[in-house]
Amino acid sequence: MGKAGGDSRSLINEQGLRIDGRKIDELRPVKIEVGILRNADGSAYIEFGKNKIMAAVYGPKEVHPKHSALPDKALLRCRYHMSPFSTEERKNPAPSRREIEISKVMREALEPALMLEDYPRTAIDVFVEVLQSDGGSRCAGISAASVALADAGINMRDLVAACAAGKVAGQVVVDVDDIEDKEGQADLPIAIMPSSNQVTLLQLDGQLNDEEFNKAFNFAVQGCKQVYQLQREALIGKYFGRSEVPEGGQ
Amino acid sequence: MNIKVKCVYFQVKAVPELKRRFVIPGEVVAHGSLRAETNVMRVGDKIVSTRVGMAEIAHDAVRVVPLSGPYIPRIDDLVVGKVIDYSAFSWEVDMNSCFFGVLPAQSVFGRDYSPAKDSLTDRLAVGDTIAAKVIAFDRTRDPLLSISGPGLGRIPRGQTVKISPAKVPRLIGKKGSMIRSIESGTNCRMLIGQNGVVVVVGAPDDILRAITAVNLVEDQAHSPDLTEKVQGLLGITPQEAQGEQFQERPNDEQVEPSESTVDEATRGKTDEGELSDKEPEE
């Protein structure tokens, strides 16, 4: 599915502001809450612009069916799902091709951060439910899932923070929203482990030349780092109270 | 006679103050040649946390006390579990963990156990709650339990409550102060498994009050004036609670003697309870 790149001139005005009034290097407002579901072992809720996404983690727990258990590490299972009411027109709740793909890339984005070898013969289930979608939901979902995993107390090498960059009206911008994603020329979602500076997800839909790619990549990494600060604040806020959130990460 | 007295001065090295800091996974706890203890990993020169918790650097060791997470069995832990199944040679025990406990029949019947002669259900039936000790576990196999020992075995009565295993040390308190407060304030006896399962024995109304107190401890495990809150809830004055600590507990007719031994056994473990020393001095 290539980018249409239709009438994209109006997406950035003369002052260099985007359709929702943001600068090209500005994220949408992000809000993260931790521990919102009582029944889950770990949970998080993220609002990323108009995205509203809930993530829940169950486990480690015994594996059913038993033959799918791995003898040396935990089995990580992810489900990304959009609620029927999350889009403008009702979405069929059955998993679509896109949701199956996102579930897979989400699992692969989270797996390097988890110390699955600490929980052999068990399963860890991650559910990401999109309640309202607005473009960039896979990144928001990964960020929420990572916080939920930390909340569940599963050993992790690092958190995973995700953010997209893209090309809109010929310009590289960070954090593309739904309109920019549909009308723009490229979308580059990435996920990183911020403390160790490693990339765990990198997809590209559309076309970027070398220079644009580098710029978009750096924009997205900066976006991820901002998301990471919010993840950190949310986790520390839940466990130690808001007043304890120290400035700066490392 | 001339006796020379040689004075030897021992230089007492000041114990370095315990440094505590809140950390999340991936955050650097310390640099350099320190010993990486629990819930941390070494990445090159750095020691990095793997959990949300409080990082402690004491002497040359670095560890993180986690604030959430599943129960991972450790050898010598006392756990409260429920028998969920049995085969010809062992019982399977649900111990509130991602691993099931295995209680071999030989450890109950003795070495001359014979499946043809002995019936496992004579001793423990499915649904029984037991206090057991983890005698072997290395993650490659399910944890091996034993019920031979003082205070271990079937728990005949009481109400079980589950709390987060990470908050067990807080419920026990410094040298058992919290559990003692709750017991004296509610007239109940409690048995706390390291796996986060608590058995409360007493009169029905007292059990309800004790459970309220346990839930309060779980909900507000990180509040610094938790002891006062619990005492307020149960209507005991700090002096009473203080006095309780040094009093020999009267023998309660309702509770099996074995249980009080278990109680003490649990409490013995709490000295190393990680969160227990977080409690403010009274």
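The structure is a predicted model. Chain A and chain B bury about 2,300 Å² between them, and two salt bridges are found across their interface. Chain B has an average pLDDT of 81, but the score falls below 50 over residues 10-15 and stays under 50 over residues 243-282.

**Interface between chain B and chain A**

- Chain B contributes 28 residues to the contact, and chain A contributes 29 residues.
- Carbon and sulfur atoms give 61% of the buried area of about 2,300 Å². On the side of chain B, the residues that lose the most area to chain A are F22(B), I24(B) and R139(B), which together account for 25% of what that side buries.
- There are 10 residue pairs in polar contact across the interface, with both residues of each pair at pLDDT 80 or more. Strands β5 (46-49) and β6 (53-58) of chain B each supply at least two residues of the side that touches chain A.
- By residue class, the side of chain B that touches chain A comprises 14 nonpolar, nine polar and five charged residues.

**Salt bridges**

- The whole structure contains 28 salt bridges over all chains, and two of these cross the interface of chain B and chain A.
- Side chains of opposite charge can pair when their charged atoms come close.
- Within chain A, the side chains of E47(A) and K31(A) meet in a salt bridge at 3.9 Å, N to O. This pair links distant parts of the chain: K31(A) belongs to strand β1 (residues 30-34) and E47(A) to strand β2 (residues 42-48), and the two are 16 residues apart.

**Helix α4 of chain A**

- Helix α4 of chain A covers residues 210-240, a total of 31 residues. From its first C-alpha to its last, the helix reaches 44 Å, close to the 45 Å expected at 1.5 Å a residue.
- The N-terminal end of α4(A) is capped by N209(A), which places a side-chain oxygen 3.2 Å from the backbone nitrogen of E211(A).
- After α4(A) comes G241(A), which has a positive phi near 90 degrees.

**Backbone geometry**

- The peptide bond from G59(A) to P60(A) is cis, with omega near 0 degrees; P60(A) lies in strand β3 (residues 51-62) of chain A.
- A cis peptide bond also joins H64(A) to P65(A), with omega near -5 degrees. P65(A) is located in the loop between β3 and β4 (75-82) of chain A.
- In chain B, H59(B) is not a glycine, yet its phi is positive at about 55 degrees. H59(B) sits in the loop between β6 and β7 (61-66) of chain B.

**Confidence in chain B**

- In chain B, 77% of the residues score a pLDDT of at least 70. Residues 10-15 of chain B, where the pLDDT is below 50, have one contact in the model beyond near neighbours in sequence.
- For residues 243-282 of chain B, where pLDDT stays under 50, the model has 83 contacts beyond four places in sequence.
- Where pLDDT is low, the predicted coordinates should not be read in detail.

Note on methods
Residues are numbered from 1 along each chain as its sequence is written. Chains are lettered from A and ligands numbered from 1 in the order in which they are written. Side-chain values use heavy atoms; hydrogens and water are left out. Contact means heavy atoms within 4.5 Å. Buried area is the accessible area (1.4 Å probe) that two parts lose on being put together, summed over both. A salt bridge is a side-chain nitrogen of Lys or Arg within 4 Å of a carboxyl oxygen of Asp or Glu. A polar contact is a pair of N or O atoms within 3.5 Å; within protein, one must be able to donate a hydrogen and the other to accept it, and residues adjacent in sequence count only if both atoms are side-chain atoms. Helices (H or I, at least four residues) and strands (E, at least two) are DSSP runs, numbered from the N terminus. Ala, Val, Leu, Ile, Met, Phe, Trp, Tyr, Cys and Pro count as nonpolar, Asp, Glu, Lys and Arg as charged, and the others, Gly among them, as polar. pLDDT is the predictor's confidence in each residue, from 0 to 100. The expected span of a helix is 1.5 Å times one less than its number of residues.
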